[in-house]
Amino acid sequence: MFAIDHIILLAAVLILFGILSSKLSARLGLPVLVLFLLVGMLAGEDGIGIAFDNAVEAHALGTLALAMILFDGGLQTPFASIKRVWKPASLLATWGVFVTAAITGMAAAFILDLPILEGLLLGAIVGSTDAAAVFSLLRNAGIHINPRLKNTLEIESASNDPMAIFLTVGLLDILVKGMQPGIGLLQLFVMQMGIGALVGLSIGWIAVRVINRIQLSASGLYLVMVTAFGLLAFGIAANLGGSGFLAIFIAGVMIGNTRFVFQRSTFLFHDGLAWLSQIMMFVVLGLLVTPESLLDVWLQGLVIAAVLILIARPLAVAPVLKLFGFSRNEIGLVSWVGLRGSVPIILAIFPLLYGLPGAELIFNVVFFVVLISATIQGSALPWVARKLGLTEAPPPVSAATLEITSLGDVDAEIVEYILADSPRVNGLLLSQMALPDNTIVAMISRDSAVIPPRGSTRLRAGDHLFVVLRPEQRPFVDRVFSPTLGTDTSVLLQTALNLKGSTRIEEVQRAYGIRLSDDSSLTLEQLARNALEGECECGAQFTIGGVQLQVAGMLDARVTTVRLSMDKNDTLAIH
């Protein structure tokens, strides 16, 4: 039997134990990352006896796993979220990390009786929040907070690693290599941030165009190609001296916010990869440490964790968020969700790799601080959020989803709409919705049931409608299913709207706010025949209340399609 056979067996057993331990997360009130770490520790030398102390291999595996977790986070981060919170999140990811590292580092130097630079090194290592921990907690803890808070926490955690790495590597270069503080540190900072961002944007832009244009014989290769582009962004940035973590996150954002083939399948694939990465990373990091070594530093680690959680993080967060109008309770929650996870442990391996004297002490203290942070902050998050009055009702979840998986360019997309409790849609028949011509409701999901859509289907609040439409029709369909009518109909009709001839005037008025006749029972076909005095033919036009109507389709003598557009020489009549 070869050694690899034993490794595969052990890896499978540990992964399965990690997966099964996640079932205990909700019952015990502990974040899954803590359970994964405990699985690794119990499997180590003081547990079932697996000996693993290779810092180089742990660093390599941890880096790869964290890269995949950040890539998945980027794929699932909408541009709208970044636009909403990029200012506070970017300040927290830079200035916030610096303040946290400085306060924690000075406290650590005093508590552990270390030189000030080594204390600051420990502070820099635990200075950043962990993307894997924050993503996992916010998406799987069973609580829901408002989008601005959630986006701030996720984007901060995904983008603050470069700052922590910069501080850690910079301080190690000063301590070990004798680099002088000043221009060298500034250059390292600019390279980490600048190169990482530039490479991420470039690779993300290239990736989408290649994925949508290349024709591959096997559909599964498209999912692998997306992964390869993410790793390419990380590799190029890291080899050029930039932050690979920032590059792969930005590349994920660029790819995830663009339409490409097998998009939903790609998201599911990378979600699975991210979970596998979390399990492997935390289990391996747990193997590196023994309970005995943690007991040697438990008191010092506990005090340092208290300084980090109760003093350093709040002092770093409060001034920044106050500038952007966050409430006191929101600032309190962001201060509390400063979870530490895999990133500090991976960075704690750096002193070992550099050969810094006393590196083992730093590693053990950092590991203990991470355990305390993840256990206390993570498990208490639901209680804290409820106590601060920041929880919200969970969003409705569809019982099923649809996706277009054509390998070629398709001039259509599937859009999911969740119906609000509005008289504009609630209780109406699907045939009364005045949808644009050639727009198809492909599926309706209600609670746990899937309903075949028919004209006689009566819509209810909370229904999930999956609509197949062309991109240019999206604004019209958005208006139909919007809970409020809005007032920009004249702008909307700058693009032509094709409706079925059987659509009633009252339905057009309710869906789009366009008044065409006092007799709301008329259909568009009847309206056209009245206006054209029965002389209907394709291309015939007439104008009513600022709206130009054109007979766009006929079948024998029947008007099948009427096109509505803005009459530039008149004023639109809006209800």
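Author: Helix α10 covers residues 220-239, and at 1.5 Å a residue its 20 residues should span 28 Å, which agrees with the 29 Å that separates its end C-alpha atoms; the expected span is 1.5 Å times one less than the number of residues. Helices (H or I, at least four residues) and strands (E, at least two) are DSSP runs, numbered from the N terminus. This is a predicted model, in which local features need pLDDT of at least 70 and side-chain atom pairs count only at pLDDT 80 or more, while totals for chains, interfaces and linings use all residues. Residues are numbered from 1 along each chain as its sequence is written, and side-chain values use heavy atoms, with hydrogens and water left out.

The buried residues of α10 are Tyr222, Leu223, Met225, Val226, Thr227, Phe229, Gly230, Ala233, Phe234 and Ala237, where buried means under 20% relative accessible area, exposed over 50%, and partly exposed in between (1.4 Å probe, protein chains only). The cover over these buried residues includes α3 (55-75), α9 (183-213), α11 (244-256) and α12 (263-287). Just after α10, Gly241 takes a positive phi of about 95°.

Ile211 and Phe367 are the residues with the most contacts inside the largest nonpolar core, which has 102 residues; a nonpolar core is a set of buried Ala, Val, Leu, Ile, Met, Phe, Trp, Tyr and Cys residues joined through side-chain atoms within 4.5 Å. The largest share of this core, eleven residues, comes from helix α17 (residues 359-387). A second, separate core holds 43 residues, including Leu428, Met433, Leu435 and Leu564. In soluble globular proteins, nonpolar side chains tend to be buried together.

The structure holds six aromatic pairs, a pair being rings of Phe, Tyr and Trp (its six-membered ring) whose centres lie within 6.5 Å, with planes under 30 degrees apart counted as stacked, over 60 as edge-to-face and the rest as tilted. The rings of Phe234 and Phe245 have centres 5.3 Å apart and planes at 70°, so this pair is edge-to-face. Because Phe234 lies in helix α10 and Phe245 in helix α11, the pair ties together parts that are eleven residues apart in sequence. Phe234 is buried, with a relative accessible area of 17%, and Phe245 is buried as well, at 10%.

A second example involves Tyr417 and Phe481, whose ring centres are 5.0 Å apart with planes at 40°, so this pair is tilted. Tyr417 lies in strand β1 (residues 413-418) and Phe481 in helix α18 (residues 474-481), so the pair ties together parts that are 64 residues apart in sequence; Tyr417 and Phe481 are both buried. In a further arrangement that involves a ring, the charged end of Arg148 sits over the ring of Phe326, 3.8 Å from its centre, where the criterion is NZ of Lys or CZ of Arg within 6 Å of the ring centre and within 35 degrees of the ring normal.

Some details elsewhere in the chain complete the picture. Leu315, found in helix α14 (residues 298-323), touches Val99 and Ile103 when residues up to four places away in sequence are not counted, and its C-alpha atom is separated by 8.5 Å from that of Ser335, 20 residues apart along the chain. Two residues other than glycine have a positive phi: Asp113, with phi near 60°, and Asn438, with phi of about 70°. Asp113 is found in the loop between α4 (79-112) and α5 (116-125) and is exposed, with a relative accessible area of 70%. Asn438 lies in the loop between β1 and β2 (440-446) and is exposed, with a relative accessible area of 52%.

Methods. Contact = heavy atoms within 4.5 Å.
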